[in-house]
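Hello,

Here is the structure I promised to hand over. Please open it first, then read my notes below.

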Amino acid sequence: MQGKRVAVFVFCAILKAYYKECKIGFHALSVHWMGSCRETKSLSYDMKSAPVAMSDVRHLVLLKGYRMFFILYLEYTSVLQGRDRDFACVELLFLFTEGIESMIDEKKVETAVRLFLEGIGEDPEREGLLETPNRVARMCSQIFGGLEQSPEAHLAKQFNCQDNNMVVEKDITFYSACEHHLLPFYGKAHIAYIPNGKVAGLSKLARTVEVYARRPQIQENLSAQVADALEKYLNPKGVMVMIEAEHMCMTMRGVQKPGTKTVTTVTRGVFAEDFSLQLSFMNMVKG
């Protein structure tokens with residue numbers, strides 16, 4: 001068993017080096033060792049015709065213009081069936097690639113920042129600004145890192161649940177950037193869903209918010225994208241998302257009204273049909 005574990009890790013290290021050479025960045029999948037194996041399968045994926053589960057990989061490869069095949073060796077356990085087997089396949093590829101060159105072109109960002117500084121009348125060569133373009137470029141890889149991520153990698157791991165009562169996770173702090181002015185907006189996200197036999201780890205709900213917050217965004221879309229991801233990957237009976245945020249594009253410029261908060265809500269499934277469920281969620285959020 002230990003030998004097989006080492007073999008998988010070595011294979012992923014080789015895969016990581018190969019993709020680094022091709023300058024393709026991934027930030028999603030993780031390798032989960034799934035216990036004793038009963039069979040080993042070789043899976044070949046054509047990036048151009050990959051299944052939906054490989055959407056992030058396909059997007060990155062097509063965007064870079066590469067057409068390639070790669071082979072994944074995945075140990076299946078007897079408990080993996082259908083949808084779980086697909087998720088296990090997705091989980092194999094990502095997170096092992098932390099540090100691989102991302103899709104964000106830092107050189108272009110540096111050039112753009114230098115031009116911006118010149119455009120506002122600053123001297124990018126003065127001491128205080130000399131390293132600013134590089135700092136901003138590296139910052140973009142973090143605050144816009146969600147562009148390279150998918151919630152599927154976080155919501156793939158699920159657990160059986162006999163009790164289908166409402167699950168609420170509230171006060172999830174997030175930071176995002178308004179796509180209109182590239183100024184921050186930040187606040188709290190509150191999530192509720194009613195399981196349909198499966199639940200996700202609580203941290204995965206917060207990570208799903210991060211995936212969509214860390215990209216140029218508007219609050220209305222952020223709320224809907226989180227709700228749609230939960231509905232798609234958890235297949236719950238219903239989902240409700242509420243986001244409260246303060247927008248710097250409204251407080252430090254324009255109308256300049258500090259302290260003003262924008263609240264958005266999105267309902268899916270039974271939450272859209274049952275007002276009492278919405279009220280119950282609101283009471284828990286405000287309680």
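Cys 178 has Gln 217 in β7 as its bridge partner. Between β4 and β7 there are 2 bridges, and these strands run parallel. Two strands count as paired if DSSP finds at least two bridges between them. Helices (H or I, at least four residues) and strands (E, at least two) are DSSP runs, numbered from the N terminus.

A word on the source. This is a predicted model, so local features need pLDDT of at least 70 and side-chain atom pairs count only at pLDDT 80 or more, while totals for chains, interfaces and linings use all residues. Residues are numbered from 1 along each chain as its sequence is written, and side-chain values use heavy atoms, with hydrogens and water left out.

**The sheet**

The sheet is open and has 5 strands, in the order β7-β4-β5-β8-β9, with mixed pairing. Contact means heavy atoms within 4.5 Å.

**Aromatic pairs**

Rings of Phe, Tyr and Trp (its six-membered ring) pair if their centres lie within 6.5 Å; planes under 30 degrees apart are stacked, over 60 edge-to-face, the rest tilted. That gives 2 aromatic pairs. Phe 174 and Phe 185 are edge-to-face, 6.0 Å centre to centre, with 75 degrees between the planes. Phe 174 is in strand β4 (residues 167-178) and Phe 185 in strand β5 (residues 184-194), so the pair ties together parts 11 residues apart in sequence. Phe 174 is buried, at 0% relative accessibility. Phe 185 is buried at 0% too. Buried means under 20% relative accessible area, exposed over 50%, partly exposed in between (1.4 Å probe, protein chains only).

The ring centres of Tyr 175 and Tyr 186 are 6.0 Å apart with planes at 35 degrees, so this pair is tilted. Tyr 175 is exposed at 56%, and Tyr 186 is partly exposed at 29%.

**Confidence**

The chain averages a pLDDT (the predictor's confidence in each residue, from 0 to 100) of 76, and 64% of the residues score at least 70. Over residues 18-100, pLDDT stays under 50.

Best wishes
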